[in-house]
Amino acid sequence: MTDRTPGSGLAAVSSALLAMSRHLEVRDVLKTIVASARELLDAEYAALGVPDDHGGFAQFVVDGVSDAQWKAIGPLPRQHGILAAMLHGARAERLPDVREDPRFEGWPDAHPDMADFLGLPIRDGDETIGALFLANKTGPGPEGGPGFTEEDEELLGILAQHAAIALTNARLYERSRELTIAEERSRLAHELHDAVSQKLFSLRLTAQAAAALVDRDPARAKGELQQVAALAAEAADELRAAVVELRPAALDEDGLVNTLRTHIQVLDRAHTARVTFDSCGVRALPAAQEEAMLRVAQEALHNALRHSGADLVAVSLVRRGQGALLSVTDNGKGFQPRSVRRAGRHLGLVSMRDRAGGVGGRLTVHSAPGKGTTIEMEVPGG
């Protein structure tokens with residue numbers, strides 16, 4: 001038997017499950033599952049593979065192997081040997097020495113040597129969505145010797161059930177986010193189309209006026225043609241902005257501050273209202289928090305520019321402890337906070353609150369009739 005007491009085992013499982021529930025990105029969930037399993041069961045190595053449909057792995061995460069070792073090992077493994085047994089079976093594989101199993105097919109040259117082995121599939125209903133395995137028990141195993149115990153197998157089974165839930169939720173979140181991004185791009189395309197169409201309509205009327213004046217009032221016609229040139233330049237700017245903005249938001253490459261600044265510059269050109277942005281001291285945040293902040297900012301800006309009647313919208317992003325505080329303030333017509341429940345769905349406040357809460361943050365709304373609106377979102381950082 002191991003020296004893990006029921007109380008300490010329960011606390012460790014609880015900590016592992018809480019850690020899994022904090023993450024929404026699939027990659028982060030996988031890394032948390034692997035690290036939690038390795039620590040929980042006193043293993044030297046842990047890995048989790050998510051299969052693809054072509055005999056390989058779409059993702060493969062390891063813990064206990066250095067970056068240099070992992071790079072030296074080479075390409076991701078294929079679905080064969082013990083890995084295939086776990087992916088295509090429904091039961092755990094607990095082996096005193098994996099190298100002596102007839103299904104063992106050897107390691108790559110740089111692969112660390114592994115002996116005692118515990119692995120099992122991660123299943124969502126009848127579908128196997130991953131394979132989790134551990135190697136080289138560092139604590140005492142059966143009867144004080146090396147190797148994994150029945151208790152280890154049961155504990156890993158519990159962890160795998162919750163891992164399936166966490167992984168499925170993360171996949172659903174990412175799918176939802178992809179749909180939201182597509183919707184946002186479609187909405188922005190519509191806004192930019194409207195803005196450019198207005199410029200082109202004005203350009204057409206001004207050109208017609210210039211044509212009518214060219215014979216009887218050349219001086220006025222010259223002025224109108226100068227206006228045509230200015231309107232044409234503005235329309236070209238809007239079209240260039242559309243090309244830039246309709247690319248996927250480059251949070252990974254540009255960071256939250258630069259991505260927000262670019263988005264706001266586009267909106268400032270596309271609308272008659274003045275839209276400003278200011279930032280101070282913001283550190284890089286976890287990916288999920290940056291994504292949520294960007295989407296909340298976009299929703300709040302949409303509300304301010306389309307529904308508030310504001311002629312000024314100010315966005316700020318400042319450091320707050322280890323995290324950040326986003327504020328979107330407009331000088332529009334505002335609304336009565338007591339009616340926020342009724343107005344919430346119309347203004348997207350429900351989805352904004354869900355986004356904030358989903359990354360451990362909070363959303364607050366300050367508004368009054370005739371006094372404008374301020375929407376604030378604070379996140380804790382990492």
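Me: In this predicted model, is Phe-133 buried or exposed?
Reply: The relative accessible area of Phe-133 is 12%, and the scale calls a residue buried under 20%, exposed over 50% and partly exposed in between, with a 1.4 Å probe and protein chains only. This is a predicted model in which local features need pLDDT of at least 70 and side-chain atom pairs count only at pLDDT 80 or more, while totals for chains, interfaces and linings use all residues. Residues are numbered from 1 along each chain as its sequence is written, and side-chain values use heavy atoms, with hydrogens and water left out. On that scale, Phe-133 is buried.

Me: How many aromatic pairs are there?
Reply: A pair of aromatic rings is described by the distance of the centres and the angle of the planes. Rings of Phe, Tyr and Trp (its six-membered ring) pair if their centres lie within 6.5 Å, and planes under 30 degrees apart count as stacked, over 60 as edge-to-face and the rest as tilted. By this rule, the number of aromatic pairs is five.

Me: How many residues apart in sequence are the parts that the pair of Phe-60 and Phe-133 ties together?
Reply: The two rings form a tilted pair, 6.4 Å centre to centre with 50° between the planes. Helices (H or I, at least four residues) and strands (E, at least two) are DSSP runs numbered from the N terminus. Because Phe-60 lies in strand β2 (residues 57-63) and Phe-133 in strand β5 (residues 127-137), the distance in sequence between the parts tied together is 73 residues.

Me: What kind of pair do Phe-104 and Trp-107 form?
Reply: At 23% relative accessibility Phe-104 is partly exposed, and Trp-107, at 30%, is partly exposed as well. Their ring centres are 4.9 Å apart and their planes stand at 65°, so the pair is edge-to-face.

Me: What is the volume of the largest pocket?
Reply: On a 1 Å grid over the protein atoms alone, a pocket is an open set of points where a 1.4 Å probe fits, with protein on both sides within 12 Å along at least five of seven lines, and lining residues have an atom within 4 Å of a point. Grid points are joined across faces, edges and corners, and a volume is the space filled by probe spheres set on the points. For the largest pocket, this gives about 540 Å³.

Me: Which residues lining the largest pocket are the closest to its centre?
Reply: The lining comprises 21 nonpolar, four polar and three charged residues, where Ala, Val, Leu, Ile, Met, Phe, Trp, Tyr, Cys and Pro count as nonpolar, Asp, Glu, Lys and Arg as charged, and the others, Gly among them, as polar. β1 (43-51), β2, α3 (67-73) and α4 (81-88) each supply at least two of the lining residues. Of the 28 residues in the lining, the closest to the centre are Pro-77, Leu-83, Trp-107, Pro-108 and His-111.

Me: How many of the residues of α4 are buried?
Reply: The buried residues of α4 are Gly-81, Ile-82, Leu-83, Ala-84, Met-86 and Leu-87. What covers them includes β1, β2, β3 (93-95), β4 (117-124) and β5. Helix α4 is mostly covered, and of its eight residues the number buried is six.

Me: With which residues is Arg-362 in contact, leaving aside its neighbours within four places in sequence?
Reply: Arg-362 is placed in strand β9 (residues 362-367), and its C-alpha atom is 8.2 Å from that of Glu-376, which is 14 residues away in sequence. Contact means heavy atoms within 4.5 Å. Leaving aside those neighbours, Arg-362 is in contact with Ala-356, Glu-376, Met-377 and Glu-378.

Me: What is the phi of Asn-136?
Reply: Asn-136 is found in strand β5 and is buried at 12% relative accessibility. Although Asn-136 is not a glycine, its phi is positive, at about 60°.
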